[in-house]
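This briefing concerns the interface between two chains. Please consult the sequence and the structure shown here.

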Amino acid sequence: MIKQLIFSLTVLIAASVFFYSVRNIWLNIKLLKPAYPLDRWNQRLGLLLNVGFGQTKILRFPLIGFLHALVFWGFLAILFGSAEMLIDGLFGLEKSLSILGIAHKALMFSGDLFAFIILILILVFLSRRMLMHVKRFEGIEMTHKTHKDATFALTLILLLMVSLLGMNMGYVANHTSHASIYPVSSLFVSIFWIDSPEFSHVFEQINWWAHILLIFFFANYLPYSKHFHVFMSLPNVLLSKLEPLTQMSNMDRVTQEVKLMLDPSAEIPSSHPNQIERFGMKDVEDGTWKHYIDSLTCTQCGRCTSVCPANLTGKMLSPRKLLIDYRARMNEKMPHLKADANFNDQKSLLDDYISREEIWACTTCNACAQECPVNIDHPSIILELRRYIFMEESKAPSLLNAMSTNIENNGAPWQYPPSDRMKWADQLYINE
Amino acid sequence: MSSNSRLIQVPIFSECLSQNKTPEYLFWVGSAGSFDDRAKKITRDFVKILESAKVDYAVLGSEETDSGDSARRAGNEFLFQMQAIQNIETFKMYGIQKIITCDPHDYNTIKNEYPAYGGNYKVYHHTEFIAELIKNGKLSIKSKPFGHDAITYHDPCYLGRGNKIYEEPRFIINQVTENLVEMKRNRSRALCCGAGGAQMFKEPEKGEMEVFELRTKDALELNPKVIITACPFCMTMLTDGVKLHEKEDSIQVLDIAEIIARANQL
Ligand code: SF4
Ligand code: SF4
């Protein structure tokens with residue numbers, strides 16, 4: 001009974017803190033611009049199964065992708081066990097979900113096995129980060145802090161797996177008839193164990209508490225970590241842009257103005273005159289909810305940067321940095337902006353975080369978006385910043401201004417008159 | 001094979017209208033295809049293919065104006081939309097429903113971005129169109145002009161990753177050669193040539209090398225005799241890349257339309 005009470009209290013605290021974090025994110029989202037309507041749910045579910053649960057994009061890097069996919073699938077099995085622990089703890093039960101019969105056994109079995117696999121893999125990932133020189137984990141945006149975050153989260157996962165196995169071992173030692181459901185734990189128990197029911201019981205309880213408390217801690221650490229992708233990946237994939245990668249978003253306000261220019265008698269829907277929105281993006285609040293959840297989802301894996309032609313040829317642009325910058329600026333600015341709508345710290349995403357040199361180096365090739373395992377859309381950040389620079393500041397590179405002027409004057413990016421448009425067809429013969 | 005040569009009178013929509021003809025397809029030449037000297041050759045060869053397959057087509061001539069793709073990617077949304085709406089008006093005037101183009105950027109813009117302003121068309125990239133002509137038996141390939149020379153294909157970003165057209169170009173190339181070799185980065189992993197997103201019209205940012213230099217290196221690793229692409233911008237970049245690596249005497253950079261025109265000695 002006392003255990004139940006303490007446990008319920010812990011759950012309450014953990015859930016409240018988590019709710020607070022999520023609420024903050026939600027309030028941020030509400031301050032941002034709309035991205036696109038969320039329709040075509042069949043297609044979205046397809047993506048969720050394929051890119052989300054099927055992990056198809058992470059598998060584009062076959063070896064390390066497969067190892068990571070194992071961790072993901074293992075987490076799903078282990079999640080079931082965590083849900084059971086929650087029910088057990090709240091209602092003072094033991095293995096409450098065993099009423100599910102064979103399904104329960106199968107999930108326990110795979111959970112135990114995966115805990116061991118993940119433990120080994122985390123050790124591999126940790127040593128890869130610490131001992132090997134992985135180019136993908138380097139770059140100007142990869143600071144000491146981001147590396148520490150990665151190491152800390154990996155260590156937490158390691159402890160989660162150790163405590164899970166410890167709990168299973170204690171359980172198996174006292175329930176030998178269930179040994180076959182916990183293959184790895186029962187193997188360990190058979191190799192080394194102190195043959196005392198009390199010891200087994202205490203050992204199981206300690207690990208039970210350690211595991212569930214670690215889960216609560218981990219869940220509340222995640223919203224402030226790059227490992228938030230554990231929660232965000234699936235929703236982010238579900239909410240992906242469904243249009244072709246190279247299709248840019250339309251600016252409806254410009255459409256209205258252009259229509260008015262071409263036909264002054266056209267009716268415009270009345271807009272809110274005192275709410276003049278910026279064209280494009282200068283700072284984070286000009287972005288959409290998708291830019292924000294993209295930035296929360298980014299795992300900093302660097303797959304995007306590793307295929308970026310600008311980055312590969314030594315330019316300053318690194319698509320991963322765009323997401324890190326966006327998130328950092330959100331964290332910096334949003335708390336103030338929520339308190340005071342006119343807040344201004346003389347800083348902005350453009351220039352103070354993302355430089356013009358980065359923005360103009362992009363070829364919009366979409367290699368980054370293609371490679372990102374969680375369907376992040378980097379070019380859209382760049383293109384929104386360019387829209388701001390071009391339309392609000394008129395500070396695009398001079399050659400691009402010249403190109404634009406040519407199109408305006410003579411309908412081509414170069415200085416040729418429209419009357420020359422058919423010159424290519426002069427003296428065109430075909431052999432028949 | 002070639003018995004006589006005939007001067008092509010490229011049909012223009014405005015003239016067709018006065019003759020009460022409504023061609024089935026608009027061949028959208030695009031700004032690069034109209035004005036860039038290298039791209040103009042591709043335009044000419046593609047028209048020969050249209051003629052030899054007896055396709056009912058016409059062009060807009062001086063009524064065509066820039067698609068707005070580069071302006072939009074440079075950030076000038078106003079200009080892009082003006083161009084788009086103007087072109088859509090022209091298409092409407094001639095009742096145009098089907099459009100073919102050799103430019104993946106214009107293809108992408110007209111196909112995916114013009115619908116926002118009420119312009120809905122069946123749009124073909126010339127690689128799709130040629131592949132269909134071959135499959136329908138309207139175009140038969142008469143020779144394999146490249147023998148056993150190694151040929152590689154560079155996927156334009158706006159065609160490949162943008163619009164998932166990977167196999168049609170390869171289908172066509174396989175009609176004229178048995179030796180299509182793939183670069184290590186191909187299809188959805190292809191490296192950009194460096195021209196997209198309005199880069200074509202500006203100086204590159206500073207770095208260790210040019211993007212086209214790196215991409216050309218990918219191709220040179222295969223020792224090809226021919227590098228094929230299907231985009232006027234990629235053509236410029238890869239041609240420059242081959243020159244930079246001083247290989248212009250031994251390696252040709254050609255468009256898909258050009259290899260077909262050569263195979264059939266058009
Ligand atoms: S944007 Fe995607 S690919 Fe790039 S680092 Fe983040 S998660 Fe990885
Ligand atoms: S779209 Fe831009 S940022 Fe993304 S890979 Fe290409 S050049 Fe890099």
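In this predicted model, the contact (heavy atoms within 4.5 Å) involves 65 residues of chain A and 79 residues of chain B. About 6500 Å² is buried between chain A and chain B, with 63% of this area on carbon and sulfur atoms. Buried area is the accessible area (1.4 Å probe) that two parts lose on being put together, summed over both.

**Composition of the chain A side**
- The side of chain A that touches chain B comprises 37 nonpolar, 15 polar and 13 charged residues; Gly is counted as polar.

**Polar interactions**
- There are 41 residue pairs in polar contact between chain A and chain B, both residues being at pLDDT 80 or more. Such a contact is a pair of N or O atoms within 3.5 Å, where within protein one must be able to donate a hydrogen and the other to accept it, and residues adjacent in sequence count only if both atoms are side-chain atoms.
- The interface contains 4 salt bridges, each a side-chain nitrogen of Lys or Arg within 4 Å of a carboxyl oxygen of Asp or Glu.
- One salt bridge joins the side chains of Lys206(B) and Glu357(A) (3.5 Å, N to O).

**Strand pairing**
- S1(A) pairs with strand S1 (residues 5–7) of chain B in the antiparallel sense over 3 bridges; pairing requires at least two DSSP bridges, and strands are DSSP runs (E, at least two residues).
- Asn431(A) lies opposite Ser5(B) in S1(B).

**Conventions**
- Residues are numbered from 1 along each chain as its sequence is written, and chains are lettered from A and ligands numbered from 1 in the order in which they are written.
- Local features need pLDDT of at least 70, side-chain atom pairs count only at pLDDT 80 or more, and totals for chains, interfaces and linings use all residues, while side-chain values use heavy atoms, with hydrogens and water left out.

Definitions and conventions. Helices (H or I, at least four residues) and strands (E, at least two) are DSSP runs, numbered from the N terminus.
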